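This report describes selected local features of one structure.

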Amino acid sequence: MEQLRVRLEHLSRSYGSYRTLKGCYYFPGFELVVTRVQSDPFAPPSWIRLESELPSSWPQRWLVTADRRRALCDFLSRQLVQACAQSVLGNRGSGNSGHISTVKPGQAVLERTAVTLADQRLQLRLWLGLPARGRVPLPDQATEMFFEELPRIFSSTLEVDRAALEAHLQSVETACALRSQLRAHKLVAFIADGSILPRESGVSDQPLGGAIPCQSPLALRVSLETSQGPITGLGISEGLTLIVGGGYHGKSTLLRAIQSGVVDHIPGDGRERVVTRRDACKVRAEDGRAVYRVDLSAFIDQLPDGTVTTNFTTANASGATSQAASIQEALELGVGLLLFDEDTSAANLMSRDAVMRALVPTNCEPITPLSERVDSLVSQLGVSLILVAGSSSAFLPLANRVIGMQAYQPSDLTQAARQLLVPLPAHGSVPVWAAPGQAVVQRTLPLDWLSRHSRGEGLQVKVAAPNRLRVGSTELDLSALEQLSESGQLAALASLLEWLAPRLGPPLRQLMGELDQSLDVVGLVNLLASNHPGLARRRLLELGAALNRLHLPSGLKGRHKIETDPTVIFHARSGH
Ligand code: ADP
Ligand code: MG
């Protein structure tokens, strides 16, 4: 501690002299580590870490499982936000001078680098804007930040309301218990009775005030066991589920709650007992996205200009093409539940009606709609689907169940739909999907370019804007990845892409699987060997999706030979 004081007293009038602060200092109750020093007051703030043993008064039961530790750290990261708000004076000088900050967590309970636990040691990571006027250091202000504000932040973060913390742990544990039972009950999602599904607005993830709680209809009600006793709710089984109903009756709201159920939510969110298989993926049309060597032939074939679609590349896909590519990529990454909303789907990829079929002969239509592929997805690949389809009956004959939304409440319309049904239109032969390992097409991602790029000075990936990354010299738009819920996840994607670039080569699914396991064992901080204070862990589906959206900068095309990477791809072998 004294050493830090001395170093601050000896700062010169150059901002660069702050570099002498890098290092470790002992404070009463914690250690301070200055891990990265900013180059000037306008640059991103410096990184610091506060570290200590866990308070001895904290019971071991808070720490016994990985889920509890994640929930505990999540709780503390919320305390840390409050502690910063209460203890830090804020701007003192130019640029970021005087700020001590952390990222505000969203509604999900995630592993974040802001607060981590390693071998009973607690680590808090923060940004600290080393203060300066112009570029001249302000040692008095820095002293105030280090010796008054940081100790206050540390102690108030650890002053926990035990009841609130216990409730937080309990809530996460209940969600995990519910999710872990889905498979045994052949369910893909569960929405507990009383859940509040709608959000305050399109830009706020807070629950809508005064919303009507979701109540399961008897026919679709299931009961799952938890340490809190049985919990009843709407169970959505494997297979094809349709969500139908009038406009504004809550269909998309239900689907959005289901897609967010891959992560746990904080108590009071309204969705803390809404759980979905972790490998669920929302797939939407995404005009203009890049597609790289994807086999689209299951959905799009025989283009009028003769383009072959078994190995399809474009820098600018249409709605149907983009969505077909996203389905194929999701299958490649091992997704077990596909989610679609008619609001965000390409109509021509979803279905085609009988009159149109009569008017435009099948051999003049390159698109085989999803309605004709559902059967094989479910029966051959074992993939389940939940589809919001309020305007087309094309999926009804195939649906295992139909949920009707009326005034925000689900009802079971399965029988009613069956009574109305006309026989299935003839769809031609059913495609056969190649099993993993029997790939017909070999696929290469533009990864070779990435890994070359990164062997030199290292690939640079930066968060360019909300939902956008800058990868080397190209921009990557990730706004279609609806299941990303907070900025730290995007920052983590950027860091993971940098980390991954020199390691590319194995098939994507294998790579993602291995990476996920490593993250489970060592955590983000150790894997990336980084003290970045603002990363949040995300399942790796989005990392795969980001890689899939990369495209080669046009100048590089053709100049770099791309080696083939035998990534498994699902391919329709017959029947279009
Ligand atoms: P749909 O997709 O059927 O057209 P939405 O899901 O978009 O309908 O919902 C329409 C509106 O109703 C949205 O503004 C949404 O916030 C609101 N809403 C949805 N569910 C509820 C609910 N349970 N209680 C109150 N309002 C709700
Ligand atoms: Mg809708």
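Which residues coordinate the magnesium ion (ligand 2)?

## Basis of the description

This is a predicted model, in which local features need pLDDT of at least 70 and side-chain atom pairs count only at pLDDT 80 or more, while totals for chains, interfaces and linings use all residues. Residues are numbered from 1 along each chain as its sequence is written, chains are lettered from A and ligands numbered from 1 in the order written, and side-chain values use heavy atoms, with hydrogens and water left out.

## Magnesium site

Ser252 (OG) and Asp343 (OD) coordinate the magnesium ion (ligand 2), at 2.1 to 2.2 Å. Donors are N, O and S atoms within 2.8 Å of the metal (3.2 Å for Na, K and Ca); water is not among the atoms, so sites may look incomplete.

The two residues lie 91 residues apart and link distant parts of the chain: Ser252 belongs to helix 5 (residues 251-260), and Asp343 to the loop between strand 19 (337-341) and helix 7 (347-350). Helices (H or I, at least four residues) and strands (E, at least two) are DSSP runs, numbered from the N terminus.

Ser252 is buried, at a relative accessible area of 12%, whereas Asp343 is exposed, at 57%. Buried means under 20% relative accessible area, exposed over 50%, and partly exposed in between (1.4 Å probe, protein chains only).

## Strand 3 and its partners

Strand 3 (residues 46-53) has 7 of its 8 residues buried, so it is largely enclosed by the rest of the structure. Strand 2 (residues 30-36) runs antiparallel to strand 3 and is joined to it by 5 bridges; strand 6 (residues 121-128) also pairs with strand 3 in the antiparallel sense, over 8 bridges. Pairing requires at least two DSSP bridges between two strands.

Glu51 in strand 3 stands opposite Glu31 and opposite Gln123 in strand 6.
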